[in-house]
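Welcome, and please open the model in your viewer. We will walk through it one selection at a time, and at each stop you will hear what to look for.

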Amino acid sequence: MSATADPTTDAVAARTRTRTLPRVPPSVAVAALLLLVVVVCAVVPGLLAPDSPSQINPLEGLQPPSAAHLLGTDALGRDVLSRVIYGARSVLTGPLIVAIAVLAISTALALLSGYRGGWVDGVLGRTMDTLYALPPLIVAIVLVGVFGGGYTLAICVLIVFNIPNSFRALRAAVVERRGLPYVDAARSLGVPPRRVMLQHLLPNIVPLIVAGFFLRLTYGVVELSSLSFLGLGVPPGSADWGRMLAENRAGIFENAWAAIAPGVALVVVTVSANFVGDWLYERVEQKRRSR
Amino acid sequence: MSADGLTVRDLCVSARRGQESIAIASDMSFSVAPGEAIAIVGESGSGKSLTARAVMGLLPEGVTASGEADFVGRDLLTLSAADLRRLRGREMALVMQDPFTMLNPLERCGVQIVEALASGRGDRLSRKERRRIAGERLREVGIDDPAVADRYPFELSGGMRQRVGIAAAIAEQPRLLIADEPTTALDVTIQREILELLGSLRSAHSMGLILITHDLRVAFSVCDRAYVMYAGSLVEVAPTPLLARAPRHPYSLGLLLADPPSDRRVEELVGIAGSVPSPGSRPPGCPFAPRCDYRIGACTASLPPLAEVGADQFARCIRADELRVELGTRLAAAQGGEQGGEATLATPLEGEPLVVAEHVRKVFGGRGGSDVVALDDVSVQVAAGESVGLVGESGSGKTTLGRVLVQLEQATAGSVRVGGVELVGTAVRRRDAAAVRDVVQMVFQDPYSTLNPARTVGATLKEAAALAPGGMTQSSGELLEHVGLPASYAARRPAQLSGGERQRVAIARTLARRPRLIVCDEVVSALDVSVQAQILNLLRRLRDELGLAYLFITHDLAVVRQITDRIYVLQRGELVEEGPTATVLDAPSHPYTRRLVASVPEHPQSGAIGSR
Amino acid sequence: MSRRTFIAFVGRRLLASVGIVLVVSVLIFSLIHLAPGGAEQTIGGRFATPEQLASIRASYGLDDPLPEQYVRYLGQVVQLHLGNSLTRREPVGEAILNGLKVTAPIVLISFLLTSLLGTVLGTVAAYRRGAILDRVIGGFSIAGASVPTFATATILLYVLGVQLGWLPTAGTGEGFVDRAGHLVIPILTLAIFGTASLMKLTRARVLQVLEEDHVTFARARGLSERHVLIRSVLRNAGVQVITVVGVLLLSLVAGSILVEVTLGLDGVGSLLVDALSARDIPTVQGVTLLITVFIVAVNLVVDLLYFAIDPRLRARS
C-alpha cells in the first residue's frame, strides 16, 4: 500500500495548525488587565504611589479626598491611595504562596494516588475526605488565634486545609485518564511508572492545573484578607487591605474611602481572578466534552 | 405514498458554528409506509442520526432543519413545539443507541415505561392499571418476569435495558418507530434477538420502522428498502435484495466489498482508500469523488442529481448507467469465491510456542465480597508466526487474557509462560518483565484515545523505539511509511489524524518496539467498515513481511475469519471450543459457538439473503 | 431497600461521626495546654503570682495525668458544662446560647434563601443558556461568589446604611422589628455569597444533565417539559448538588463569623473572635466544639440524603 496522505485529514491538520489565539470574551480580558495592574502595583509600588504608605500625620487624620490626597487620609493621617497601592504586595504574596504550594502538593499526591491506586489511594482518599469537611477559614481563625503564630502559621494552615479540595478534582482527572489506552500502551511498552505519570498523565492535566491556579488565588486572597481583617496574620499597621478595612471602619462617616477603597480593591482582585480562572476552567470542560 | 406514512422531501440539516453554517445533511428524501421498514445506512459523519432527530424535532442546540416532512397529514417541520410533543410517543417514537444511558438511572423501569401514558392525557391511571400495562409491554418485548418493572436500570443487562427502552418507546403504540443504531452497543447474540423483536413488532402493529445503521448486514436482515448516505447526501436508494445483488453507486459497491464475509476467507479485502470527510470539510461536487475508483473530471464540478436508474432504484452518479455492468461484475467476482476452504493457511514455525497459558484463572475482587471470575481454567497457545483468534462477547474474558499477556493484569492462578518467562505466582524480576515485553505488545481498541493527545506522533514513536532491545533502528518516518502513512505525519498530533490513521500510528508504535507477537484487542471494532478493511490488509501484509504472530481478540466472526488460522471461543470466562478457524466456524460443535455463528446477520456476499 | 440495611448504614455513619468528634475533642481539649504559657498561665493571666498559679493548678486539677483530665473534660462537656469564661462574667454555655440567638436566625435564613434562589436561578440560567439572562446571572454568580464577606458587608453597610440611611449600621437592636432590621444586611451579605456559589454549580450540573441521553429519550416519548424537568433533570442534577449544599452551609457559617465582626453583632462568631484576642481559652474551646459538632452533623445529614436519593449507592452497600 502506498504512503498516500489522506486529503480530508490534510485539511483538518492545516486548520488546527494555524490555530490563532483563543477568542477571549471582553469581560475576561478586562479582568486579566486589572489583575496585571494589581501585579504592577505589587512589584513597583514606589513608581505609582504619590506618598509613603507609612508616613503618619496625626493632625491630618481622616481627611476627605483632596488634591493632595486623592482618596483622603486614614485615622493616622496616612495617604489612603498610597496604602492601597502598597497593599497590593501584601495581598498577592501570601495567596501566591498558598496557591503554588497547594497545587504542587495536590498534583503530586493526585498523581501518586490516582496512578498507583491500592492502599495508598485508600488512605489518602479517606484523609482528604475528612479534611475536606473542615472549612479552611474557620480552622485558620482558631489555630492562628490560639497560637498567635502570625503570618507563617496562617499560610501553613491554609495550605494544608485547601489541599483536599484541589486533590479531589485532580485525582478525579488522573483516574479518568489512567484508564485510557494511551496510558495502558505506555505501561505495556515498558515505560517506567514515574515517566508515565510525568510525561503521559501530567501534561494532559496541565490545563486543569492552570485553571485551578487562578481559582486557588481567589480563595487565598479571600481567606488571608479575612484573617487580617480579624487581626490575625499580618502585623498591625501594615498596608494590608484587610487590615485597613478593619482599622478604618469606625471612621466611615468622616472618610468612607479609608475603608471603602481597600474593600473595592479586594473586590477587584478577587472578582478578576475568579473571572479568569472560571473562563479557563470552562475551556477545559469544553475540550473534555468535545473529543 | 400512503397518506398514513411518513414522507420526507428535501430535508436539509445544518449546524451553526460561530458565523458559518455547516451542512450536515442535504436533500434527504425518503418515505416509510405503515408496516414498512427502511434502513438509512451510513458511516460516521454521514449525518444519518441528525436526520432522524430532525424528523422528531429533537435537534440539539444550534442545529436546524428545513424541508418538508409529511406525517399524519401535518408537516412536522412546521409544527409548533406543543403539537410536536403531542405527536411524539403517540404517533412516532425513537429508540436510541446506547441502552446504558438511554434510561433515567433514578427511576424504576416500570415507571419509565408507563409515564408517557399517565401524563398529558388528563385522566390519571390507577396504580393497578399502570402495573398491568407495564407488565403487558414488558411481555411484548420478550420480558416475561414482571419483577423487572420494579428494578432500576443499573440492575439490568444491556440487552434487557434495550428491551425496556423499546417497551417505553412503543408504550402508546405509535405508527412510526425510529431506531438509531439500536444494536451497536450490544453483543451479537443479543443483537439478533433485538432485531427480531423489532421485526415482529413491525408486523404485529403495522408500524413503520426506520432503522439507522452503519452495518449493511443489519439493514439487509430487517429492512425492505435501503437509503445509502455518504457525507450528508443520499447516494443510492434501492430495495434491499436489489442493492445486495446489483449496487449502482461505487460507494455502495465499496461498502459491500469491504464487509468481510464470515463463511470464507478472501484473498484481499477491498477497502476504500481515504476516510469519510467530516461536515465542514466536504469536497465540492460529488462527495465521494476523492475516494472513488471511477471518478472523472466532471465528478468534482457539481453535485449529480439523484436519478432513477432502475425499477425503484436511484443513484447519485453521473456514470451510473455505464458502470452498471462493471459494478455487478466486481460484486459477482467477490461473491463467486467458494464457501469454506481457506485462501492461505500459514504453517507455524518450529520451536517452543511464544505463549503458553495453562489453566489460567483471573478473579477480580469486588467490594463487599462480590468477586467477578473473569477467566476460569483457560488454556491457550500461540506459536511464532501463527495468527490465533480469541473470540467471545462482552464478559467472556478475552480482553482480560490479552492484558495478562502484556502484564497489565496479573492472573490469579494457573501458568502463563511468555517467551519462557513464567508470569503467575512469583513476582517477576524486572529483567524478565522487560524480556516479556520484548516478545509481546498490544494494540488497543479505541483509536481516539490510543495516542497521547499532548504528544506528536513522532515523539510517541520515538518513545516506543527507544525501549526496544537495541534501541532505535528505524526513524519515525520509516515506521510511518511501513504502515502506509507519509513520513511528514511525524510532526502531527493525534487530533489532526482520522480514526484509521490513528490506529495505523498505534500499530507503528507497536512495531517500533519490535515484538514477536502482537495482541490486537478489537482493533477494528471502532472503525468504519471501509477503513476496517484497510487495517486488516495492513495487518496481513505486516505479518507476511515480518513473520509476526497475532493474538486477535474480537467478537466479530467475519473479521476473525479473515485474519486468523486458529481460534479459541470463550464464554463467560470459560474456553468452550478451539480449532482451526474454518472448522470451528463452518461446523461448530459447542452450542454457544453455534449460537454465535447463527447470530451473524446474513451476508450479501454469500449470495442468499436470510429468511425474514 | 430493606430496613435493616438502612439502619446498618445509619448506624455505621453515626459511629464514624462520633469518632471524628471525639478525635477533634482531644485536640480541642489540648488547646489550653498547648497555648503559650501553659494552662495555668493562660487562666491566671500574665501577672499571676506563683501562689495564684498554684491555686489555679489545684482547683482546675492541672496536676492530674492528662488522660484523666481529658476524661473529666469529656464528662463535663456531655453534661453541657463548658466551663467559665475567663473574661466575661458568665459560664461559657450561657454565652454561647445568647450568641446563638443572633447567629442562628442569620445562618438559617440565609441558608434557606440561598438554597431556594441558588437552585432556581441556576436551573433557569441553564435552560436559557447563552441568552442575556444567563450571561447576567453568570456574571453575578462569579462576582458574588468571589468577594470576601466582610468586604461585601462593609460595602452594603456603606451604601444602605450610610449613604441611603435605610438600615441601622451597628448592633442588634431592641424589639422584634428593630432586630429584624438589623439582620437585613448580614442576611443579605451571606445570601449574595451563597446564592452566587450555588447558582454556578447548579447551572453547570443542570447543563450536564440536559445533554444526557435519557433526557432526549424522555422528550422523544412526548413527556411534558415540566415532567422532564422534575423527574429527569432535577433529580439527576440534585444528587450532586446536595453534596455541595452541605459544604455551602459550612461556608455560610465561616462567613457569618466575619459578618458579625464587621457589623458589630454579638453572635457566636463575635464571641469566638473576641475570645481569641482575649485569650479566653474555655470560650474558644466551647465554641470550637460546637462548630465541630455542627460540621460533623451536616456531613452526616448530607451522606444520608445522598444515600436515600441514589439507588445505586444503596445497592452497593
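Begin by selecting strand β19, helix α17 (residues 529–546) and strand β20 of chain B: together they make a right-handed β-α-β unit. Right-handed means that, with the strands pointing away from you, the path from the first strand over the helix to the second runs clockwise. Helices here are DSSP runs of H or I with at least four residues, strands are runs of E with at least two, and both are numbered from the N terminus.

A word on the model before you go on: it is predicted, local features need pLDDT of at least 70, side-chain atom pairs count only at pLDDT 80 or more, and totals for chains, interfaces and linings use all residues. Residues are numbered from 1 along each chain as its sequence is written, while chains are lettered from A and ligands numbered from 1 in the order in which they are written.

**Stop 1: strand β19 and its sheet**

Keep β19 of chain B (residues 517–521) selected. Are its residues buried or exposed? Five of its five residues are buried, where buried means that 20 or more other C-beta atoms lie within 10 Å of the residue's own, exposed means 12 or fewer, partly exposed is in between, and C-beta atoms are placed from the backbone. In a regular strand the side chains alternate between the two faces of the sheet. You can follow this here: B:Leu517, B:Val519 and B:Asp521 point one way, and B:Ile518 and B:Cys520 point the other way.

Strand β18 (residues 440–443) of chain B pairs with β19(B) in the parallel sense over four bridges; strands pair if DSSP finds at least two bridges between them. Look for B:Gln441, whose bridge partner in β19(B) is B:Ile518. β20 (residues 549–554) of chain B also runs parallel to β19(B), joined by five bridges, and there B:Cys520 has B:Phe552 as its bridge partner.

B:Leu570 stands opposite B:Leu575 in β22(B).

**Stop 2: another sheet in chain B**

Next, select β6, β7, β8, β3, β9, β10, β12 and β11 of chain B: in that order, these eight strands form an open sheet with mixed pairing. Which strands stand at the edges? They are β6 and β11 (307–310) of chain B, each with a single partner strand. Inside the sheet, β9 (residues 225–230) and β10 (residues 233–239) of chain B pair in the antiparallel sense over six bridges, and B:Ala226 has B:Ala238 as its bridge partner in β10(B).

**Stop 3: a helix pair in chain C**

Two packed helices are described by the angle between their axes and the distance between the axes. Select α10 (residues 225–263) and α12 (residues 281–309) of chain C, which pack at an angle of about 170° with their axes 9 Å apart. The axes are lines fitted to C-alpha atoms over the stretch in contact, and angles run from 0 to 180 degrees between N-to-C directions. The two helices are therefore roughly antiparallel, the word for angles over 145 degrees.

To see where they meet, show residues including C:Gly246 and C:Leu249 in α10(C) and C:Val298 and C:Asn299 in α12(C). Residues are in contact if their C-beta atoms, placed from the backbone, lie within 7 Å. This contact has 12 nonpolar, four polar and no charged residues. Ala, Val, Leu, Ile, Met, Phe, Trp, Tyr, Cys and Pro count as nonpolar, Asp, Glu, Lys and Arg as charged, and the others, Gly among them, as polar.

**Stop 4: where chains touch**

Colour by chain. 25 residues of chain A are in contact with 37 residues of chain B. On the chain A side, α1 (7–17), α8 (181–189) and α9 (193–229) each give two or more residues. Moving on, 27 residues of chain B are in contact with 20 residues of chain C.

**Stop 5: two single residues**

Finish with A:Leu227 in helix α9 of chain A, which counts as buried because it has 28 C-beta neighbours inside 10 Å. Its contacts beyond four places in sequence include A:Ala140 and A:Val144. Then select B:Ser66 in strand β4 (residues 63–71) of chain B. B:Ser66 counts as exposed, with 11 C-beta neighbours inside 10 Å.

Technical notes:
Contact = placed C-beta atoms within 7 Å. Parallel < 35°, antiparallel > 145°, perpendicular 65-115°, else oblique.
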